[in-house]
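Look at the structure shown here before reading on. The paragraphs below go through it one part at a time.

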Amino acid sequence: MPQPVVRAQDLLVGYGGAPVCAPVTFTLQPGRALALVGSNGSGKSTVLRAVIGLLEPAGGKLTVLGAAVDERTVEFRSAVSSVLDDDAYFPSLSVAEHLYLVARGHGVLDAWDRVDELLDEFGLVDHAAALPVSLSSGQRRRLLLAAGFARPRSLLVLDEPEQRLDRRMLSALTDRLVAEKAAGGAVLMASHDPELVRAVADRALHLDDQRNEMLSAADAAARIARIPA
Amino acid sequence: MTSDPVVPAVSPGEVGDLPTARSIRRFTAAAGKARAGASLTSLLGDVYYAVISAAIGAAVAFGVAQQVRTSLPPAPQVAPPTSLSLPALVAVVLLAAAGVLVSLAGRLGPVGAGGAESAWWLQLPVERRGLLRPAARRLPVVGAVAGAAVVALLDAGLLGDVGGRTLRAAGAGAVVAALLVLLATVVQSSGVPRRRVALVGDVVLGLSAALAVALALAGTHLAALPVAPWPVLVVGLLVVAGLAWLVDGRLDSMPARSLREGGSVATQAMGAVVSLDSRELGRALTAGSSRPVRRWVSRFHGVRGPATALVAADLAQLRRSPRHLVQLVVAALVPWLATVVPQLANVPGVLVAVLVAGGIASSAAAEGARAGEMNPILDRMLPLGAKTVRRLRMAVPGVAMLAWSLAAFGALGRWAGDVGPWLLLAALGTPVWAAATVRAAYRPGPNWSKPLVSTPFGALPTGVTTVVSRGPDLVVLCLLPTWIALILRHVTPTFLVLQLAGAAIAFAIGSSIATGTLMDRMFEASGGRPGGAPGGTAAAGGR
């Protein structure tokens, strides 16, 4: 059995010592995807922030690639790619330059070629030279997602990747994430989209402040679909 | 992570050596410069303009300082039993300034990475030190410049003539300020929370006020304030360099969450400074340094309806902000201090002290109103009219300013020789302060599209000055009877009656929900095109 990419044992996360959900336990193997589902405020994003080292766990054990989470190490940053809901950009860098910065910053040799491919895949070719401020919120979301794929990674952490995407883009992203798993990458994502969860995730962890529950992707998708819009 | 090199499972292409942090910084800067479109001529023009502006500003400031210095009466041969010498006052002010600096250093965090840097740089597997080095230098340098300026102005304005001594004092101010900022950075990089460092600064500020009172009551006389000799400054500079080196060594180990928090606060604060928005600055400096979770939940036992709910919420906000409570106490002591320093215990000195201290206290009491302005939904949550909300928002500032006024004007009464009438005048003037507090808190954002007016101090944006003056205008105009009484050092029944009228006018203006200027409203009433602040005379949150 390969070493888990993420292992959380009775992980407690929260702010100011107050946990936002019940203790979280899960393992994520290479080539697998785990979805975190639950209502607003159930702690999905908070768990993700702990996994990528932006939040100190309040208790329990959390390891990424066999070691305690420490985002300060070069190894961690080389292995973990995350796309949160950050909406901040360098005001003078174009879309293509942002992607190049990420690819080249991670040592990708033919970075411009990779950038061209990503621009095409994420429907940003016509905006390659545009500054992010001139993009729509959906296009900026595509840029963030493209940046997540512009670099090498063993773990991809996504916080509600479906946000602000049209159906076509969401379908392309779904295919991309399935391919990510097939290539051996692990995917940990929070989502409210039943189709995305059903198509990508192998399992889903339903978060709640009383009790967390591990579900099959199909059951999780059905549960999400039952939540009134 | 394991010590073995990790081979990423998925890669967009072949991976080679990692770039250096400097090359990442250079790439980002070069792309920015390429798009800025600035020619060498325009760059030189900007530098020239900045240098000239700074030189004019410094000349004006030192001119005013010298004017103050020459107009100060000489120190008395025999000091009164309860008094504070000017050098002792300066020492206390410097201690207070050190407290403010430490508090700011705590609130801004050890080192900050702005939004874009956090999102795009911090995930890169390059050494963090190289990316953060310029940001780490910024705060100590800004602190040093501010420290030098404050000390030089105090020295030139209150203690001695401009010359070698002032230069040395400025140097000492710069070294101490940089030292304090770097110490705060070192402490925070060792894991001490930002709010604790900020609290230390607030405590020092409070202690400086207590020290001033103690020195004055004890009649301690400090004839002169020593200035550190050059060798001591050199040693101080070496310590600063050592601390800077220590901080530099810790940049790699600073966690992203701390860098993101610090960067977020710094960006918000910088934006507020550039746009001259003191409310936004207050929010930026308060938000990140307060406890995210309260130890206990207030039961609001006194709440009987929407009106009391609003007042109780405002009161809870003030009570939970130690910085503002310290600010209120310090502001209450300032007028008294002015009356016990023989050289300042004159009409101009006391007047300036009351105005400055009143402004500080008023700003401290406005937390609830500021929150209401930032989130208009807060004002609309309760079944109250917009004007009623404004009036209710005056309640907490009113109580706070009544306490401040009684302390401040009690000291004035003692200075003028008759405490009773001054306390009555203070009570009658309290609604003006409360109304001004609320009016300032609800002012619209600065309108930078209005024309500039040329003044000896440079171009003045009228759309900004009209907005910034909202609130202070009430203090100046509606407290006119108080100011005249202060100038005459005598309170008559006429002044009391007039002050009562002033309070009524201020209350009416403070309750107004119109955001445009009087001129804008006159234009609008005559069918003309309003040229006021965005929103014209729209009633913010009006019903």
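**Two chains, part by part**

Of the 543 residues in chain B, 40% are buried (a residue is buried if 20 or more other C-beta atoms, placed from the backbone, lie within 10 Å of its own). This is a predicted model, in which local features need pLDDT of at least 70 and side-chain atom pairs count only at pLDDT 80 or more, while totals for chains, interfaces and linings use all residues. Residues are numbered from 1 along each chain as its sequence is written, and chains are lettered from A and ligands numbered from 1 in the order in which they are written.

Chain B has 23 helices and two strands; helices (H or I, at least four residues) and strands (E, at least two) are DSSP runs, numbered from the N terminus. Take the contacts in chain B between residues at least 6 apart in sequence: 77% of them join residues at least 24 apart. Two residues are in contact if their C-beta atoms, placed from the backbone, lie within 7 Å.

Two packed helices are described by the angle between their axes and the distance between the axes. In chain B, helix α5 (residues 128-159) packs with helix α8 (residues 230-250) at an angle of about 145°, and their axes are 9 Å apart. Axes are lines fitted to C-alpha atoms, for helices over the stretch in contact, and angles run from 0 to 180 degrees between N-to-C directions. From α5(B), the contact is made by Arg129(B), Arg133(B), Ala136(B) and Pro140(B), and from α8(B) by Ala244(B), Val247(B) and Asp248(B). These residues divide into four nonpolar, no polar and three charged. Here Ala, Val, Leu, Ile, Met, Phe, Trp, Tyr, Cys and Pro count as nonpolar, Asp, Glu, Lys and Arg as charged, and the others, Gly among them, as polar.

Chain A contains an open sheet of six strands in the order β8-β9-β10-β5-β11-β12, with mixed pairing. Two strands pair if DSSP finds at least two bridges between them. The edge strands, β8 (80-83) and β12 (213-216) of chain A, each pair on one side only. Within chain A, β5 (residues 33-37) and β11 (residues 203-206) pair in the parallel sense over four bridges, and Leu36(A) stands opposite Leu205(A) in β11(A).

Where do the two chains meet? The contact takes 51 residues from chain A and 39 residues from chain B. On the side of chain B that touches chain A, α1(B) gives the most, with seven residues. The residues of that side of chain B divide into 23 nonpolar, 10 polar and six charged.

Technical notes. Buried ≥ 20, exposed ≤ 12 C-beta atoms within 10 Å, placed from the backbone.
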